[in-house]
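This briefing goes through one protein chain, from its overall make-up to single residues. Please look at the sequence and the structure before reading on.

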Amino acid sequence: MTELIARELKEIGFMLASGLSVMLVFWSRDMVIEMLELKGRKRWAVYLISWVAASFLFTEFLYCASYGKLSWYGTAAFTAGILLWKRLFCDIISLSIGLSTYEKRERGYEEEKKT
């Protein structure tokens, strides 16, 4: 394998991980907003913080992958990471959280009665 191919494969791997991590930040933001039931300015503050964190992650991954040069295959790998998150991880995590909450409600663990 030539040095060029190895460098491009490394860049694809970094940008794929970048897409996954950016979507993890957005998923975490949505979970925080939902769990804390944030409204108004607090909700917008969390949105702003998540976008700043996502942009920081993207630029750090981009610098690590190719010293800040954006290529078409890097962009494709980033998009593939986003789609991979949406297709595989997001549904699995949401489903497991939803099932555990549903099971707790069904069995009556949601409200403990004081005696």
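This is a predicted model: local features need pLDDT of at least 70, side-chain atom pairs count only at pLDDT 80 or more; totals for chains, interfaces and linings use all residues.

**Overall make-up**
- The chain contains three helices and zero strands, and its pattern along the sequence is α-α-α.
- The chain has 115 residues, of which 25% count as buried.
- Taking contacts between residues at least 6 apart in sequence, 77% join residues at least 24 apart.

**The largest nonpolar core**
- The largest nonpolar core has 12 residues in all, among them Met15, Val22, Phe26, Trp27, Ala54, Leu62, Phe78 and Trp85.
- Helix 1, helix 2 (40–66) and helix 3 (72–107) each give two or more residues to this core.
- Helix 1 provides the largest share of this core, with six residues.
- Valine 22, a member of this core, is in contact with Ala54, Leu57 and Phe78, leaving aside neighbours within four places in sequence.

**Arginine 29**
- Arginine 29 lies in helix 1, which covers residues 3–36.
- Is arginine 29 buried or exposed? Arginine 29 counts as buried because its relative accessible area is 11%, and the cut-off for buried is under 20%.
- Not counting residues up to four places away in sequence, arginine 29 touches Val46, Tyr47, Ser50 and Trp51.

Key
Residues are numbered from 1 along each chain as its sequence is written. Side-chain values use heavy atoms; hydrogens and water are left out. Helices (H or I, at least four residues) and strands (E, at least two) are DSSP runs, numbered from the N terminus. Buried means under 20% relative accessible area, exposed over 50%, partly exposed in between (1.4 Å probe, protein chains only). Contact means heavy atoms within 4.5 Å. A nonpolar core is a set of buried Ala, Val, Leu, Ile, Met, Phe, Trp, Tyr and Cys residues joined through side-chain atoms within 4.5 Å.
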